[in-house]
Amino acid sequence: MVDRGGMWSKVVRSGGISRLLGAGRGWGEQRMFSGTYTPKLDEKGRLFLPAKFRDELDDGLVITRGQDRCLAIYPTETFVEMTREIAKGSVSVKKVRDYQRMLAAGASDTAPDKQGRVMIPPMLRRYAALNKEIVVVGAITRVEVWDATEWEKYSEAQEEAFADMNEEVFAEQ
């Protein structure tokens, strides 16, 4: 790992080429969002992005529905690469069409303002039941935005199973 002095480190694999997670980042490297933050949603529905995430999201981002009733924020480049992969699915398959529709219909492209704020559209705030108290979570390839109460419930439920998940997640690779 090469430390770049900021929020990113460049992860490099040796001994062969392998495709890592971060879409759009090429072969052999990955950028990663990590950490948990508790900014407030302001009265206009704006989120103050944690300073740690701003550089990567400054050129533009896409906010869309995430899994588990949270929102997912992707750098624009990553979202475009992800949608290219999703677009390869056959539209004759109902689940593919449904997923493509739900992802794209809920997507909102924007950029942070000079103070690092991002407007979250009302439809997406309703989807994730966001009020003033929110939690922002780095989730490796994306940033997730959760209602604070829902995040607490989710993380408590997952904490007990975390060790078991390790075996399952890495056994599939």
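This is a predicted model: local features need pLDDT of at least 70, side-chain atom pairs count only at pLDDT 80 or more; totals for chains, interfaces and linings use all residues.

Reader: Why is α2 called roughly antiparallel to α3?

Author: Helix α2 covers residues 76–87 and helix α3 covers residues 94–105. They pack at an angle of about 160°, and their axes are 11 Å apart. Angles over 145 degrees count as roughly antiparallel. Therefore α2 is roughly antiparallel to α3.

Reader: What is the hand of the crossing of α2 and α3?

Author: Left-handed.

Reader: Next, the rings. How many aromatic pairs does the structure hold?

Author: It holds 6 aromatic pairs.

Reader: What makes the pair of Tyr37 and Phe53 edge-to-face?

Author: Two values. The ring centres of Tyr37 and Phe53 are 5.4 Å apart, and the planes stand at 85°. Centres within 6.5 Å make a pair, and planes over 60 degrees apart count as edge-to-face. So Tyr37 and Phe53 form an edge-to-face pair.

Reader: Which parts does this pair tie together?

Author: Tyr37 lies in strand β3, residues 36–37, and Phe53 in helix α1, residues 51–57. The pair therefore ties together parts that are 16 residues apart in sequence.

Reader: And what makes the pair of Tyr74 and Phe79 tilted?

Author: The angle between the planes of Tyr74 and Phe79 is 45°, with 5.9 Å centre to centre. Stacked needs under 30 degrees and edge-to-face needs over 60; the rest count as tilted. Hence the pair of Tyr74 and Phe79 is tilted.

Reader: Which residues do ring pairs link into a cluster?

Author: Phe33, Tyr37 and Phe53.

Reader: Why is Tyr37 called partly exposed?

Author: Tyr37 has a relative accessible area of 23%. Buried needs under 20% and exposed needs over 50%, so a value in between is partly exposed.

Reader: How do you know whether Phe53 is buried or exposed?

Author: Phe53 has 1% relative accessibility, so it counts as buried.

Reader: Now Val143. Where is Val143 found, and is it buried or exposed?

Author: Val143 is found in strand β10, residues 143–147. Its relative accessibility is 0%, so Val143 counts as buried.

Reader: Which residues does Val143 touch, beyond those up to four places away in sequence?

Author: Val143 touches Phe33, Phe53, Leu57, Leu71, Ala72, Ile73, Val136 and Val137. Two of these, Phe33 and Phe53, are in the ring cluster. Val143 and Pro75 are 68 residues apart in sequence, yet 9.2 Å apart in space, C-alpha to C-alpha.

Reader: Last, the backbone. What makes the phi of Ala129 worth a remark?

Author: Phi of Ala129 is near 55°, a positive value in a residue other than glycine. Ala129 sits in the loop between α4 and β9. With a relative accessible area of 41%, Ala129 is partly exposed.

Reader: And what is the phi of Ile140?

Author: Near 65°, again positive and again in a residue other than glycine. Ile140 is in the loop between β9 and β10. Its relative accessibility is 35%, so Ile140 counts as partly exposed.

Methods. Residues are numbered from 1 along each chain as its sequence is written. Side-chain values use heavy atoms; hydrogens and water are left out. Axes are lines fitted to C-alpha atoms, for helices over the stretch in contact, and angles run from 0 to 180 degrees between N-to-C directions. Helices (H or I, at least four residues) and strands (E, at least two) are DSSP runs, numbered from the N terminus. Angles under 35 degrees count as roughly parallel, over 145 as roughly antiparallel, 65 to 115 as roughly perpendicular and the rest as oblique. A crossing is left-handed if the near helix is turned anticlockwise from the far one by less than a right angle, and right-handed if clockwise. Buried means under 20% relative accessible area, exposed over 50%, partly exposed in between (1.4 Å probe, protein chains only). Contact means heavy atoms within 4.5 Å.
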